[in-house]
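Hi,

Here is the structure I said I would pass on.

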Amino acid sequence: MKRLALVALCVGALAALAPARAQQPPAAPAPAKPAPTPTPQAPGQPAPTPPVVKPFTLEVTVDVVSVTAVVFDKAGRPVRGLGTKDVQLFENGVKQDVSYFREASSLGDPSERVPLSIVLVLDTSGSMKPNMHFLQEAVLNFLYKLEEIDTALLVSFNESVKGSAEFTGDTDRLERFVEGLQAWGGTSLYDAIQYSLGRIKDAPGRKALVIFSDGADTTSQLQDKDVVDYARAVEATVYSIGFKGQGGMMSSSPRGFLRKIATETGGQYFAPDKVGELIKVFNEISNELKNHYLLAYTPTKEPDGTWREISLKVNRPDTDVRVRKGYFSVKRRRHAD
């Protein structure tokens with residue numbers, strides 16, 4: 001987690017929204033990547049020396065935890081206009097002082113908006129072939145609704161994982177990636193999510209993943225538990241869509257992996273019965289992303305490597321709130337010199 005100056009948090013400058021990471025994600029085993037084609041070596045030249053991977057060392061620092069919250073009434077409508085005085089934030093049952101609080105609304109003063117970094121993780125395995133055009137249409141519709149200050153990254157997966165070059169707000173570039181999607185091969189769902197979390201963990205502002213898959217993982221090197229643990233430590237809200245297609249994972253496991261990872265991160269799980277419902281689902285996610293609250297606090301207890309539960313109480317009647325369940329409190333890591 002980047003070090004955040006507490007003064008910057010108090011003034012609420014948008015620059016302070018570079019991700020405040022009180023927890024560095026636990027080292028998740030990275031899925032193997034295809035070996036690059038070796039470059040022909042001239043006769044008599046020595047073999048190239050492989051790059052040296054520098055170790056990590058631990059460093060104590062001032063830690064700030066950022067929390068994204070969704071507050072809604074009993075009818076499911078977003079609750080707007082809350083301030084610091086309206087909420088109480090707890091870590092392991094101990095009240096914490098909220099040093100930063102902002103409504104990430106798309107309405108009002110544009111300078112007050114909180115930027116969103118989002119990764120769309122899209123299943124392009126062979127089973128998606130008859131439904132790929134429905135997914136492409138829903139994704140494009142979602143991308144067109146992003147705010148000007150928002151940026152997106154696209155990740156597609158079958159038996160391999162492919163990501164766009166960088167986060168961008170250029171809809172033309174994102175559109176070309178979506179239109180080029182083709183369905184074939186197996187399903188490396190776990191590897192794709194772990195890769196996506198690694199790409200977004202250092203992004204500025206709010207962070208979110210939207211995951212779509214129509215079937216169980218068949219070709220990942222990672223296990224589901226590894227990915228859930230990693231997601232718990234990355235300050236990103238995960239929205240997952242498990243389409244009940246032929247052989248779909250969610251049809252046989254209603255409390256499956258996609259539901260678990262969404263619940264743990266304060267997101268939401270969707271299980272549409274018809275592929276034609278995808279636009280409606282993506283629209284619902286888009287609307288919720290425009291009604292987030294972003295909070296930050298400095299824990300009263302030093303990092304000790306334990307799991308810490310987060311809860312948020314809203315001082316208004318008939319409201320519900322959704323936040324991530326907690327985080328692993330570990331000391332900040334940095335590369336050795």
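Before the notes, one term: by a polar contact I mean a pair of N or O atoms within 3.5 Å, where, within protein, one must be able to donate a hydrogen and the other to accept it. Please also keep in mind that this is a predicted model.

With that term in hand, let's start at Ser 220. The side chain of Ser 220 makes a polar contact with the side chain of Asp 217, at 2.5 Å. A polar atom of the Ser 220 side chain also lies 3.5 Å from the backbone nitrogen of Leu 189. You'll find Ser 220 in the loop between β9 and α5 (224-233). Is Ser 220 buried or exposed? It counts as buried, because its relative accessible area is 18% and the cut-off for buried is under 20%.

What does Ser 220 touch, if we skip residues up to four places away in sequence? The list is Thr 187, Ser 188, Leu 189, Tyr 190 and Asp 191. Of these, take a look at Ser 188: its C-alpha atom is separated from that of Ser 220 by 4.3 Å, although the two residues are 32 apart along the chain.

Next, another serine. Ser 240 sits in strand β10, and with a relative accessible area of 0% it is buried. A polar atom of the Ser 240 side chain lies 2.7 Å from the backbone oxygen of Leu 258. Leaving out residues up to four places away in sequence, Ser 240 touches Ile 211, Leu 258, Arg 259, Ala 262, Gln 268, Tyr 269 and Phe 270.

In soluble globular proteins, nonpolar side chains tend to be buried together. Here, the largest nonpolar core has 33 residues, and Leu 120 and Phe 282 are the ones with the most contacts inside it. Two or more residues each come from β6 (116-123), α2 (132-144), β7 (151-157), α3 (171-179), β9 (206-213), β10 (237-242) and α8 (278-289). The largest share, 7 residues, is from α2.

Setting aside neighbours within four places in sequence, Phe 282 is in contact with Leu 120, Leu 135, Ala 138, Val 139, Phe 142, Val 210 and Ile 241. Apart from this core there is another one, of 27 residues, including Val 121, Ile 211, Leu 222 and Ala 262. Two of those names, Ile 211 and Ala 262, came up above as residues that Ser 240 touches.

Cheers

Notes:
Residues numbered from 1 in each chain as written. Predicted model: local features only at pLDDT ≥ 70, side-chain atom pairs only at ≥ 80, totals over all residues. Heavy atoms only, no water. Core = buried A, V, L, I, M, F, W, Y, C linked by side-chain atoms within 4.5 Å. Buried < 20%, exposed > 50% of the residue type's maximum accessible area, 1.4 Å probe, protein only. Helix = DSSP H or I, 4+ residues; strand = E, 2+ residues; numbered from the N terminus. Contact = heavy atoms within 4.5 Å.
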